[in-house]
Amino acid sequence: VCHGFPYQPTTLAYDPVQSLLAVGTRTGAIRLYGKVGIECHLLYEHDTAINQLLFMVNEGALISVSSDVVHLWNLRQQRPAVLHSLKFKKEKVTYCYVPLKSKWLYVGSKKGNTYIVNVETFEISEYIIYWNRAITTSCSTHPGSVKYIGEKPDDSNKLLIGFELGMLSLWDLKSQQTVVKIQCQLALMSVSWNFDGKTLMCSHPDGTLTTWNINKTKKPIQVKVPHGHVKNWSKTDKCQPCTIVNKVAWVQGKGSEPFIMFTGGVATDRPNRDQCFTIMQGREMTLFEMEDDIIDFTCLYGSPWPNDFEDPFAVAILLENGLAVYDLTLPNYPPYKIPYTINIHESAVTSTQFYSDCPVDLFTCLYSLGKKHKKSGISYSETEWPLKGGTWGESYKDSSLDLVITGHSDGSLRFWDATAIAFQFMFKFSTTKIFDRERVKESSEMDDEPYAIQDIILCMNSRTLVVSGAAGYVILYRFNFKETTAELSVMDVSVADQVSDTGNDCHMPMRADTDTSNILHLAKLRSGPIKQSPGFQADLICRNAQPGSDMENPGSNSILSLCYSSGFGIMAFSNIKGLIIIDTVQKHCVMSVRTVDVYGKYSPVFSGSSHVKAGESPPPSAGLSNGSASPSTPRKMKWSYGGKRGMQSFSGKSQSNPSIETDNEDLSLRSRSSSLCSVDREGNNKETVRYLNLLETYARKGDATATASLWIGTSSGSILVIILNLPPTGVERVKQPVIISPSGHYLFKLV
């Protein structure tokens, strides 16, 4: 299954009997669309860009056309596949046509020749319509490539061939000769027969539409420049310059004026001229300006017979980044709400998460929020979705509820119901509403996409959501059914990169209440109380604060890894400098430490082990902060280390300036720590924390019970564990600090 809108679309096709739509792409992929929830992705390996698609109407077959190869797809089997392929070595294919209930495929080439292929054997017939015979021998000028092939609606024995330079030839298949020839004064872009088989319409590069009667071919019976002045064929009156009409469709409704639809043809000085689509009916003309460039379009109608009223009920317009369908049965042609996963890449996807076996009540809430946040200002058609094709397969039904969350470059999050084969949109919200975006624009250091979502974590049971953004921030959201207005809880945290020459101060953690006057915040928040709609509401924002010395390197603020546990009330994240641990219950920074100091005595640079006497605090070179207590408030701490001498434990009161006695091993450790800091200053140590996970597990040898722990993976392949000593739940969890201690294990390093 491939979700989202097809990349680089090129062409559109429609089967009026099976009620299916097909989209071809430049990458060779094909997407089939049917009734709501029905999508099918096709891709033939070694294929090239698809220039045209044709359904063999009601035959369960599809023809894809590239510049040098034509494929016949069998859609009747469970997994559609290519049944036949035909390679053209000396010719380039420019246009193909297959009549209704015919076994012949007509292939037009760049050289102007038309080949006839048997669709049952996919072999080229000896019957070839060469260009010089099609335009008669009286004209020796090459007419250009084949731009159009179509059966005469009231006579299947006659085939109309249109050439690039404006020549049209009505070829009699039985007598093998041209019976009618039309010469347009302008190059030919497209052709559309009227169902009566007597008249046809051509589109041209200057925005002109010409209508011809095949019984009177000296001049067109009508010339129109819909978005310019009317041209008089016999005079040289100038008209307003208009753009190319790439395609025109002339379709007849029952009991109504015919529809004339076309792309382009607007004034050349009009903005977004490649995004214009026009519908004409009688004296009324409606111009649509799309959000993206128009690639192709097709009318949706009921009758497949070329000599019958098409009676169109909708028009499907293929855009560069989407699909638009308009209801032709209602006044003003309102759009349909597209039921497919078209808009996944409305903003570039920068992060994704998948969750299975989701609670039913969570899905109910997300769908409910989606209905409340519908896009305003657009009046959609209430008519049933016009495509009815396809059926659900029993093998794809699943009772579990699956959820996909996509994060985007504009800071938005989209929630998708992934239970079925096709995604169903549920809910969307933006993480940027809490930021002062005008102030961000004034910062020259800001990335082009400062709000791009980098990571997503959802706790389905507590309905807590955590996201990180490119500007170096982490936001914790809690679900709330009611609208709230309050000031946000903000924490500025940082990992210092300045170390002392003695090695006694290898890190300088920043607390939330630290003076940040010298800090450059890439994520600037709105001031005052913030109004938040029902749904996920920001409860805590952690800004990865950046010292002024890093202003030339905003990328140093990026979040490299993120983890969160609602059960622990702990969140941890890292940047290129180190690791930060946050107590989300007390909204406090528990630890901020450089990557190299996460090892403590187990850094790969170190050797040997340290010894600390009972009752003393650990040496600063252990690389761990004093936890969440205030510097002036002593608290009990317990540290554990493991080394050559086995497990050693000590406990004591934390002090702002602890007195530490050392033996020879302590001096050796401090000396090595100082050397390590020097290495880091020289920029030779580039190790970063790349993976974080909060687990309740047996983190130490001999543990009788599982404990809360943080598992750390680094860019050099090292894996370490930090123990989290959490207060009991309830009142004590809010008042007592979280205590951090190393597990005593530097597990291993991958080589």
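Analyst: Strand β2 pairs with strand β3 (residues 29-33) in the antiparallel sense over four bridges, where strands are DSSP runs (E) of at least two residues and helices are DSSP runs (H or I) of at least four residues, both numbered from the N terminus, and two strands pair if DSSP finds at least two bridges between them. Before going further, please note that this is a predicted model, in which local features need pLDDT of at least 70 and side-chain atom pairs count only at pLDDT 80 or more, while totals for chains, interfaces and linings use all residues. Residues are numbered from 1 along each chain as its sequence is written, and side-chain values use heavy atoms, with hydrogens and water left out.

Between β2 and β3 lie three residues, and the two strands form a hairpin in which Gly 28, in the turn, has a positive phi of about 95°. Within this pairing, Leu 32 of β3 is the bridge partner of Ala 22.

β2 also has a partner in strand β1 (residues 9-15), to which six bridges join it in an antiparallel arrangement. Here Ala 22 in β2 stands opposite Ala 13. β1 and β2 likewise form a hairpin, with four residues between them, and Ser 19 in that turn has a positive phi of about 55°.

Is β2 itself buried or exposed? Six of the six residues of this strand (residues 20-25) are buried, so β2 is largely enclosed by the rest of the structure; buried means under 20% relative accessible area, exposed means over 50%, and partly exposed lies in between, with a 1.4 Å probe and protein chains only. Leu 20, Ala 22 and Gly 24 point one way from β2, whereas Leu 21, Val 23 and Thr 25 point the other way, and all are buried.

Setting aside residues up to four places away in sequence, Val 93 touches Val 65, Ser 66, Ser 67, Val 70, Phe 88, Val 107, Gly 108 and Ser 109, a contact meaning heavy atoms within 4.5 Å. Val 93 and Asn 51 are 42 residues apart in sequence, and their C-alpha atoms are 9.1 Å apart in space.

Among contacts in the chain with a separation of 6 or more, 54% are between residues 24 or more positions apart.

The largest nonpolar core has 34 residues, and those with the most contacts inside it are Leu 403, Phe 415, Leu 465 and Phe 536; such a core is a set of buried Ala, Val, Leu, Ile, Met, Phe, Trp, Tyr and Cys residues joined through side-chain atoms within 4.5 Å. The largest share of this core, five residues, comes from α2. Leaving aside neighbours within four places in sequence, Phe 415 is in contact with residues including Leu 366, Leu 403, Leu 465 and Phe 536. A second, separate core of 20 residues includes Ile 581, Met 591, Val 593 and Ala 708.

Finally, the structure holds zero disulfides, a disulfide being a pair of cysteine sulfur atoms within 2.5 Å. Among the cysteines, Cys 242 counts as buried at 8% relative accessibility, and Cys 459 is buried with a relative accessible area of 16%.
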